Amino acid sequence: MRSVGLRLIHVASIAMSIVVPAAAQDFSAGEPIGARSEAGEWRPMSDNVKVYGSFHFTESCTFDPGKNLILAMNAGNRTAPNDNDGYVSLIHPDGSVHTPKWIGATRDGLELHDPLGSAISNGVLYTVDSGHVRLFDLETGRPLRAVPVPGSTLLNGIAVADDGTIYASNTRPVSQMWKVTANGETSLFAEGTPLNAPNGVAIDQDGNIVVVNVGDSAVITYSQDGTVARMEQSGEGGSDGVVVTADGTKYVSSVRYGSVSRIPPGGDAEIIASGIPSAASMCYDSTQNQLVIPMNPNYALAFVTLDSQ
Ligand SMILES: [Ca+2]
Ligand SMILES: [Ca+2]
C-alpha cells in the first residue's frame, strides 16, 4: 500500500509539470505606477501627480475599451538579437502613465524581444515579434502562446478578425501577407504587387483586410479569399499605421512624411494632421474618439482628436 501511494504522488507531480510550464507559473504583471516607501510599503502614486513617458521605441499601440487604457508596445533595444527586453506600457487616454511596465515588469515566464504591430480581439492581445505571433491574455497580461511564422523576414503589422484569424504583414522582401488561423495553421495570404513593403493592417467593418505600404501610398483592401477588392491612395506615401472606424472611414499615418490622411468611404484622401516625426502604427481610441500615434525613436505618443475634424 505504501509504495502505491508514493507512486501516485509521483505521477501527479509529473502531470502538473506537464500541464503548467514552470515559466508560465512565474509570470507576473507590473503594478500601476507607484513606489516603495521608507517603511517598505508599496504606495500608489498620489492623485496630484501625472507622469508622461515610459516608452522605449514604441512602434504600435492598441486601445482596450474595457480598461479605457492604451497599450503601447515597446521594442527596447532593436539591434541586439534575442534581447528579450520588449515590454508593454499602459497609458491613460490623456497620455499620462498608468503602468510603466505591465507586460515586462520582470522577464520571468516572458519572451518578448522587439514587438512591432499589435491588435486586440476577444480578450486577447496579439503582437508580432521576431518571426512569431505572440498571444497574451488581455485581462492579466499573461503569455498564452507563440506561433512561429516560418518564411517571414520581418513581421510588422497585424490585425485579427472576429473569428480569431490573424493577418500579418511581412515588410522586407518578399512583400507578403501571412494568415494564421485561430488554431495556429499558418499560410501565405498574398504576395507581391500591389504589396510594396506592406506595413499596417486593419480589418474593415465588412471583415475585409486593409493593408498599407511603406513603399508607396497604396491602401489595399483584400477580401477574405485573398482577392483585391479595392485600391485607394493615401495623401502621402511611406505608410505605417492604418485604422478603419465603424463607418468605414480610413486613417493612414505616414512614418516617412509625418502625416495622417483620412479617406472617407468612396472619397479621396485628405491630410488632417502633419509634422509628426515617425508617425508609426497608430491605434484608435474609440471612447475618446482620438487617434494615438507611436513615434518610434522619439519615445513618445501623439494624440489627434477627431471630434473637431
Ligand atoms: Ca528589443
Ligand atoms: Ca509598422
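Student: How do β24 and β25 pair, and over how many bridges?
Tutor: This is a predicted model. In it, β24, residues 290-294, pairs with β25 in the antiparallel sense. The pairing runs over five bridges.

Student: Which residue stands opposite Ile-293?
Tutor: Ala-302, in β25.

Student: What is the order of strands in that sheet?
Tutor: The order is β23-β24-β25. Three strands make up this open sheet, and the pairing is antiparallel.

Student: Which strands stand at the edges?
Tutor: β23 (283-285) and β25 (301-305) do. Each has a single partner strand, so one side of each has no neighbour in the sheet.

Student: What about the twist?
Tutor: From one strand to the next, it averages 25 degrees.

Student: New topic. Which residues have the most contacts inside the largest nonpolar core?
Tutor: Tyr-126, Val-128, Val-133, Ile-158 and Ile-166. That core has 16 residues.

Student: Which elements give two or more residues to this core?
Tutor: β8 (124-129), β9 (132-137), β11 (155-160), β12 (166-170) and β13 (176-180).

Student: Why would such residues sit together?
Tutor: In soluble globular proteins, nonpolar side chains tend to be buried together.

Student: Pick one. Where does Val-133 lie?
Tutor: Val-133 lies in strand β9. Its relative accessible area is 0%, so Val-133 counts as buried.

Student: What does Val-133 touch?
Tutor: Setting aside residues up to four places away in sequence, its contacts include Tyr-126, Val-128, Ile-158, Ile-166 and Val-180. Arg-145 is also among them.

Student: How far is Val-133 from Pro-148?
Tutor: They are 6.4 Å apart in space, C-alpha to C-alpha. In sequence they are 15 residues apart.

Student: And which residues does Val-128 touch?
Tutor: Again leaving out residues up to four places away in sequence, Val-128 touches Val-133, Ile-158 and Asn-156, among others.

Student: Which residues are in the second core?
Tutor: That separate core has 14 residues, including Ile-272, Ala-273, Ala-279 and Ile-293. Ile-293 is the residue opposite Ala-302.

Student: Now the calcium ion, ligand 2. What are its protein donors?
Tutor: Glu-59 (OE), Asn-156 (OD1), Asn-199 (OD1) and Asp-240 (OD). They lie 2.1 to 2.4 Å from the ion.

Student: What spacing do the donors follow along the chain?
Tutor: E-x96-N-x42-N-x40-D.

Student: What does the pair Asn-199 and Asp-240 tie together?
Tutor: Asn-199 is in β15 (198-203) and Asp-240 is in β19 (239-244), so the pair ties together parts that are 41 residues apart in sequence.

Student: Are Asn-199 and Asp-240 buried or exposed?
Tutor: Both are buried.

Student: Last one. Where are the cis peptide bonds between Pro-173 and Val-174 and between Thr-193 and Pro-194?
Tutor: Val-174 lies in the loop between β12 and β13. Pro-194 is in the loop between β14 (186-191) and β15. Omega is about 5 degrees for the bond joining Pro-173 and Val-174, and near 5 degrees for Thr-193 to Pro-194.

How values were computed
Residues are numbered from 1 along each chain as its sequence is written. Chains are lettered from A and ligands numbered from 1 in the order in which they are written. This is a predicted model: local features need pLDDT of at least 70, side-chain atom pairs count only at pLDDT 80 or more; totals for chains, interfaces and linings use all residues. Side-chain values use heavy atoms; hydrogens and water are left out. Donors are N, O and S atoms within 2.8 Å of the metal (3.2 Å for Na, K and Ca); water is not among the atoms, so sites may look incomplete. Helices (H or I, at least four residues) and strands (E, at least two) are DSSP runs, numbered from the N terminus. Buried means under 20% relative accessible area, exposed over 50%, partly exposed in between (1.4 Å probe, protein chains only). A nonpolar core is a set of buried Ala, Val, Leu, Ile, Met, Phe, Trp, Tyr and Cys residues joined through side-chain atoms within 4.5 Å. Contact means heavy atoms within 4.5 Å. Two strands pair if DSSP finds at least two bridges between them. Axes are lines fitted to C-alpha atoms, for helices over the stretch in contact, and angles run from 0 to 180 degrees between N-to-C directions.
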